[in-house]
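Have the structure open as you read, and follow along residue by residue.

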Amino acid sequence: MSRIILHHVPMSRSFRVLWMLEELGLEAEIVPHTITGGSLRTPEVLAVTPAGRVPALEIDGISIFESGAILQYLAERHPEAGLGGGPGERVAFLQAMHFAETMGSLIETLNLNHVFLRPPARPSPVVVKIVTARLRDTLRALEGMLREDGYLLPGGFSAADAMLGFNLWAAPHFVRLDPFSKLVAYKARIEARPAFAAAKAKDGTQQFYDRDFYEVPDG
Ligand SMILES: N[C@@H](CCC(=O)N[C@@H](CS)C(=O)NCC(=O)O)C(=O)O
């Protein structure tokens with residue numbers, strides 16, 4: 001089995017890969033980074049992930065970035081695990097895999113406004129209000145995509161759940177989950193997965209959120 005190296009920032013999209021590796025029982029070396037520490041801009045790391053983003057995975061003599069591409073690659077590399085969706089689930093699988101980044105890009109904009117801007121820069125109340133509403137819309141859509149007492153696909157847990165499920169740890173910093181009872185139950189179902197708990201134990205301490213909930217600023 002080849003050496004696997006994951007470039008990782010705690011509680012970032014690279015958690016999706018960490019979790020998927022655990023679901024597949026694959027050992028990986030973790031190279032830890034922070035968003036602002038500069039390590040994602042070194043020539044060595046840019047050779048692996050040219051936009052300086054995580055996740056990036058070194059595997060099978062190649063490097064690959066984009067969490068969705070990595071999860072799909074891993075699912076296809078291990079068809080026996082059945083994490084790539086079954087016959088008849090292709091459309092739902094691909095749609096959910098990519099929808100995760102519709103939500104992810106909204107979370108990213110809110111992260112930028114609420115967490116990463118430093119004075120004298122200030123969050124834009126108008127942008128935050130619009131993007132928060134859009135994030136709520138995507139959570140409502142996700143709730144509609146979920147199966148009662150299950151996951152996204154009829155066949156059970158798949159890489160699409162790792163893509164979208166991860167978002168449920170970031171989105172509640174901006175939109176309260178309580179009105180979405182199916183999402184709350186789904187989150188608990190995910191948390192009960194041994195592979196999720198194993199990934200959490202390896203994740204490291206997140207360094208950007210300094211409070212549980214960020215209100216839309218006045219203005
Ligand atoms: N669509 C990409 C997004 C990757 C991305 O933006 N990752 C963030 C962390 S969640 C990052 O590396 N940010 C570093 C930076 O903005 O400099 C994916 O899903 O992998």
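**Starting from the tail**

Gly-204 sits in the segment after α8. Keep in mind that this is a predicted model.

**Gly-204 and what follows**

- With a relative accessibility of 46%, Gly-204 counts as partly exposed.
- Go 10 residues along the chain from Gly-204 and you reach Tyr-214; the C-alpha atoms of the two are separated by 22 Å.

**Helix α8: two sides**

- Helix α8 covers residues 194–203, and its buried residues are Ala-195, Phe-196, Ala-199 and Asp-203.
- Those residues span an arc of only 100 degrees around the axis, so they're on the same side of α8.
- As a reminder, an α-helix has 3.6 residues a turn, so residues three or four places apart point the same way.
- Pro-194 and Ala-201 are exposed, on the other side of α8.
- What do the buried residues of α8 pack against? Their partners are β1, α1 and α7 (181–191).

- 11 of the 11 residues of α1 are buried, so α1 is largely enclosed by the rest of the structure.
- Gly-25 follows α1, and its phi is positive, near 70 degrees.

**How α1 meets α3**

- The axes of helix α1 (residues 14–24) and helix α3 (residues 67–77) come within 10 Å and cross at roughly 10 degrees.
- An angle under 35 degrees counts as roughly parallel, and α1 and α3 are therefore roughly parallel to each other.
- On the α1 side, the contact is made by Arg-16, Val-17, Met-20, Leu-21 and Leu-24.
- On the α3 side, the residues are Ser-67, Ile-70, Leu-71, Leu-74 and Ala-75.
- Sort the residues of this α1 with α3 contact by type and you get 8 nonpolar, 1 polar and 1 charged.

**Backbone spots worth a look**

- For background, most residues other than glycine have a negative phi, and most peptide bonds are trans.
- Which way does the peptide bond from Val-54 to Pro-55 go, cis or trans? This bond is cis, with omega near 5 degrees.
- You'll find Pro-55 in the loop between α2 (43–46) and β3 (56–59).
- Pro-119 and Pro-120 are also joined by a cis peptide bond, with omega about 10 degrees.
- Pro-120 belongs to the loop between α4 (90–116) and α5 (125–145).
- Met-11 isn't a glycine, yet its phi is positive, about 55 degrees.
- Look for Met-11 in the loop between β1 (5–8) and α1. Its relative accessibility is 12%, so Met-11 counts as buried.
- Asp-60 isn't a glycine either, and has a positive phi of about 55 degrees.
- The loop between β3 and β4 (62–65) is where Asp-60 lies. At 32% relative accessibility, Asp-60 counts as partly exposed.

- Gln-72 is part of helix α3. Why does Gln-72 count as buried? Because its relative accessibility is 17%, and the cut-off for buried is under 20%.
- Setting aside neighbours within four places in sequence, Gln-72 is in contact with Arg-90, Phe-93, Leu-94 and Met-97.
- Thr-132 is in helix α5, and counts as buried at 5% relative accessibility.
- With neighbours within four places in sequence left out again, Thr-132 is in contact with Leu-110, Phe-174, Val-175 and Val-216.

**What the record says**

- An unreviewed UniProt entry annotates residues 86–213 as "domain: GST C-terminal".
- In the model, the span 86–213 is 61% helix and 0% strand.
- The end C-alpha atoms of that span, residues 86–213, lie 37 Å apart.

Methods. Residues numbered from 1 in each chain as written. Predicted model: local features only at pLDDT ≥ 70, side-chain atom pairs only at ≥ 80, totals over all residues. Heavy atoms only, no water. Axes fitted to C-alpha atoms, helices over the stretch in contact; angles between N-to-C directions. Helix = DSSP H or I, 4+ residues; strand = E, 2+ residues; numbered from the N terminus. Parallel < 35°, antiparallel > 145°, perpendicular 65-115°, else oblique. Contact = heavy atoms within 4.5 Å. Nonpolar A, V, L, I, M, F, W, Y, C, P; charged D, E, K, R; others polar. Buried < 20%, exposed > 50% of the residue type's maximum accessible area, 1.4 Å probe, protein only. UniProt positions renumbered as here; feature names shortened; annotations may be inferred. Arc of directions from axis to C-beta.
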